Amino acid sequence: MAIDRKSSRQRARLVAASVATLALGGTALVEVPAAAAGKPKGHDVSSHQKNVNWSSAKSKGAEFVYVKATESHTYRNPYFAQQYNGARNAGIVRGAYHFALPHTSSGTEQAAHFVGNGGGWRADGWTLPPALDIEYNPYDKKKKCYGLSKSGMVGWIRAFSDEVKRQTGRRPVIYTNYNWWKTCTGNSAAFAANHPLWLARYSGSAGSLPSGWKFWQYDNSGSLPGDQNLFNGSLSQLKTFARG
């Protein structure tokens, strides 16, 4: 997903590298994959999208969106209010996500920053559970896993999750891709039972591994602003999932 604190030229290079990583051997798609039939369509946005035209997004089929709220323990998306509240006012189920930088501070500290700046949750049927975006280090290619060991990364994610659960009552959705998860956590199954998976895989299908995805990010551009996503269920199941 998006990072927000580099120059346009630097961001372009980083986004290109991220797309190559997340593609997992595939290529970016031009159309919604065949596997999308009957599944609610959504997207995710950050400060790159600035002020989003939410009525247009809704008219193009957006049923849900994740909005970037924070990064590390200091950054806040300056467009968060317009994006998060605007989506709700347009009748789109929305949630907030945090871009993790595990080398800058603890999981507990970053979770507290996130929850305090838009990463909350309430059982109104319109608010998706908080999400953790954790992937290859976009600022240092030599430290893809942020200098943490596999067990250290699992511990960092667990600390983030525990603080989100303590403050909001829900476990976070985890956004990642299989290659990163295998490389940086040792393909840990520690979160499989109670953390919904948001899988990034730019291909014609979500793939067989890992299984049990709740959201699938299948492309970084399309008819909706930002990255393109699907929910693995019906619209009524999406709203039930939001309620908790």
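**Exercise 1. Find the loop that holds S72, and decide whether S72 is buried or exposed.**

Start with the place: S72 is in the loop between β2 (62-71) and β3 (75-76), strands being DSSP E runs of at least two residues, helices H or I runs of at least four, both numbered from the N terminus. Next, the backbone: S72 isn't a glycine, yet its phi is positive, about 55°. Finally, the cover: S72 has a relative accessible area of 3% and is buried (buried is under 20%, exposed over 50%, partly exposed in between, with a 1.4 Å probe and protein chains only).

A word on the model: it is predicted, so local features need pLDDT of at least 70 and side-chain atom pairs pLDDT 80 or more, while totals for chains, interfaces and linings use all residues. Numbering runs from 1 along each chain as its sequence is written, and side-chain values use heavy atoms, leaving out hydrogens and water.

**Exercise 2. Do likewise for Y146.**

Y146 lies in the loop between β5 (131-133) and α5. Y146 is not a glycine either, but has a positive phi of about 60°. With 3% relative accessibility, Y146 counts as buried.

**Exercise 3. Work out how α5 and α6 pack.**

Take α5 (residues 150-168) and α6 (residues 178-185): the angle is about 115° and the axes are 7 Å apart. Axes are lines fitted to C-alpha atoms, for helices over the stretch in contact, with angles from 0 to 180 degrees between N-to-C directions. The two helices are therefore roughly perpendicular (65 to 115 degrees; under 35 is roughly parallel, over 145 roughly antiparallel, the rest oblique).
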